[in-house]
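These are my notebook entries on a structure shown below.

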Protein chains: 2
Amino acid sequence: MDSSSARKRGRPPRAFDGQLDTRQALVRAGVAVLTEKGFAATGIDEVLRAVGVPKGSFYHYFASKEGFGAEVIDAYAAYFARKLDRFLRDPVLPPLERIRAFADDAERGMRRHGFRRGCLVGNLGQEMAALPEPFRHRLLAVFEDWQARMARCLEEARTGGGLRPDADCGALAAFFWIGWEGAVLRAKLEQDAAPLRRFTEGFFRSLPLAGPHA
Amino acid sequence: MDSSSARKRGRPPRAFDGQLDTRQALVRAGVAVLTEKGFAATGIDEVLRAVGVPKGSFYHYFASKEGFGAEVIDAYAAYFARKLDRFLRDPVLPPLERIRAFADDAERGMRRHGFRRGCLVGNLGQEMAALPEPFRHRLLAVFEDWQARMARCLEEARTGGGLRPDADCGALAAFFWIGWEGAVLRAKLEQDAAPLRRFTEGFFRSLPLAGPHA
DNA sequence: GGCAATTCTAGACCGATCGTCTATAAAATC
DNA sequence: GATTTTATAGACGATCGGTCTAGAATTGCC
């Protein structure tokens with residue numbers, strides 16, 4: 001959605017030009033802004049200005065700010081799930097290396113955005129007390145999903161002999177995401193990637209690696 | 001400050017009654033509310049209602065919402081530093097046990113508040129992008145302070161023979177706080193203490209414990 | 001191809017919030 | 001006890017977020 005295109009009243013002509021679908025553009029901008037500033041601190045107007053769309057359009061596509069937020073969460077979850085799979089199922093790397101690759105990529109991502117953007121799910125989680133209740137379950141479900149994907153990767157490491165046979169991969173995956181969110185938060189605050197690396201290091205130290213096999 | 005006490009215009013009589021100092025009461029209420037809902041989502045009016053104080057008083061004591069926020073951070077930092085010392089310097093427990101005691105206490109605290117309150121510093125950290133810049137340095141300083149206190153405790157563990165002599169206590173302390181904030185966030189989201197325990201467990205697994213001594 | 005129905009935009013509108021201001025009154029000072 | 005200082009009371013305006021109604025272009029139908 002190009003802000004240079006002056007809008008006229010009424011239904012716009014079919015988009016011949018390269019304009020994205022308005023709804024999609026709004027959600028996309030919402031992901032960016034909410035990842036940076038959270039839900040409560042973000043005004044609809046800000047999203048609208050970024051996309052160059054008037055307020056009326058917004059409430060045509062979404063029932064409310066809350067409804068918009070829910071869709072933004074879904075979009076982010078979908079985006080992040082794809083990204084996770086790209087790393088955690090990468091067949092050319094051994095399982096534990098995939099986790100490092102994910103962390104490295106996240107670091108690059110944060111650096112690219114000047115450490116202003118964090119994790120949408122973490123942001124909104126922090127705001128829980130001020131958020132509509134339905135958000136809570138949605139966010140929890142997202143964490144469970146990520147945890148499952150991480151657990152699967154760790155299980156591959158276990159069956160592959162990287163982790164000890166008695167490793168509790170579910171618990172380890174939970175540990176990872178719990179701490180990772182903290183690391184992202186801290187990296188945002190310090191505007192530096194060190195916390196991400198520090199946490200990743202600590203996580204790997206905590207793994208029950210298989211000893212040199214007998 | 002009791003909301004049942006009807007206020008009259010003008011300067012109030014010296015507080016014979018149990019009324020707290022108004023300024024102090026505002027800061028105290030601010031800590032409670034900001035710990036729950038963060039800075040942006042909280043209106044001044046809400047704090048005023050909680051304390052039963054009119055707006056005029058607020059802007060007599062504080063230059064702005066931002067100035068108020070800064071004092072709230074300081075008050076929370078002081079409160080938390082005292083709490084930390086109470087646990088991390090407890091002479092009747094071995095150093096590593098003190099950390100567990102701290103975690104247990106934090107769990108009780110979150111449970112007592114129905115998992116609605118998190119960590120003020122973590123909350124505001126998450127909001128960074130929408131917060132006045134001076135907050136950032138203040139929050140960073142608080143983390144550094146906590147980290148130093150934790151590192152000292154870990155060093156006691158090292159010299160006491162609980163940790164290996166080559167343990168990097170500063171890095172371990174950093175790892176702790178990075179992940180701990182994540183755990184608090186997650187506990188708030190799940191409304192359950194499990195994340196706190198899971199992280200604490202993982203943290204201890206990551207520690208380079210001294211082997212059975214030769 | 002004309003007419004209703006649908007789709008989407010424009011922006012007015014209301015309420016809430018932030019920060020200020022004036023009025024008022026008690027205490028402190030001398 | 002007169003004056004200055006401290007502190008509360010609450011109205012006020014500017015701004016902004018969220019909702020809603022009106023209106024215009026397009027689509028579908030026959």
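This is a predicted model: local features need pLDDT of at least 70, side-chain atom pairs count only at pLDDT 80 or more; totals for chains, interfaces and linings use all residues.

Entry 1: I then looked up the largest cavity and found a volume of about 120 Å³.

I next asked which residues lie nearest the centre of the largest cavity. They are Asn123(A), Gln126(A) and Glu127(A), together with Asn123(B) and Glu127(B), out of a lining of 14 residues. Two elements give two or more residues to this lining, namely α6 (120–126) of chain A and α6 (120–127) of chain B. The most comes from α6(B), which gives three residues. By residue type, I recorded six polar, four nonpolar and four charged residues in the lining.

**Entry 2: the contact between the chains.** I turned to how chain A meets chain B. Each side is listed in the contact: 40 residues from chain A and 40 residues from chain B. The two chains bury about 3600 Å² between them, and 66% of this area is on carbon and sulfur atoms.

I then looked for pairings across the interface. There are zero salt bridges between chain A and chain B, whereas 10 residue pairs are in polar contact, with both residues at pLDDT 80 or more. On the side of chain A that touches chain B, the elements giving two or more residues are α1 (22–37), α6, α7 (133–159), α8 (169–190) and α9 (194–206). Of these, α8(A) gives the most, with 15 residues. I recorded this side of chain A as 20 nonpolar, 10 polar and 10 charged residues.

**Entry 3: salt bridges.** I took one pair for a closer look: the side chains of Arg98(A) and Glu156(A) meet in a salt bridge, at 3.2 Å from N to O. I asked where in the chain the two partners sit. Arg98(A) is in helix α5 (residues 95–112) of chain A and Glu156(A) is in helix α7 of chain A. The pair is 58 residues apart and links distant parts of the chain.

Key
Residues are numbered from 1 along each chain as its sequence is written. Chains are lettered from A and ligands numbered from 1 in the order in which they are written. Side-chain values use heavy atoms; hydrogens and water are left out. On a 1 Å grid over the protein atoms alone, a cavity is a set of points where a 1.4 Å probe fits but cannot get out, and a pocket is an open set with protein on both sides within 12 Å along at least five of seven lines; lining residues have an atom within 4 Å of a point. Grid points are joined across faces, edges and corners, and a volume is the space filled by probe spheres set on the points. Helices (H or I, at least four residues) and strands (E, at least two) are DSSP runs, numbered from the N terminus. Ala, Val, Leu, Ile, Met, Phe, Trp, Tyr, Cys and Pro count as nonpolar, Asp, Glu, Lys and Arg as charged, and the others, Gly among them, as polar. Contact means heavy atoms within 4.5 Å. Buried area is the accessible area (1.4 Å probe) that two parts lose on being put together, summed over both. A salt bridge is a side-chain nitrogen of Lys or Arg within 4 Å of a carboxyl oxygen of Asp or Glu. A polar contact is a pair of N or O atoms within 3.5 Å; within protein, one must be able to donate a hydrogen and the other to accept it, and residues adjacent in sequence count only if both atoms are side-chain atoms.
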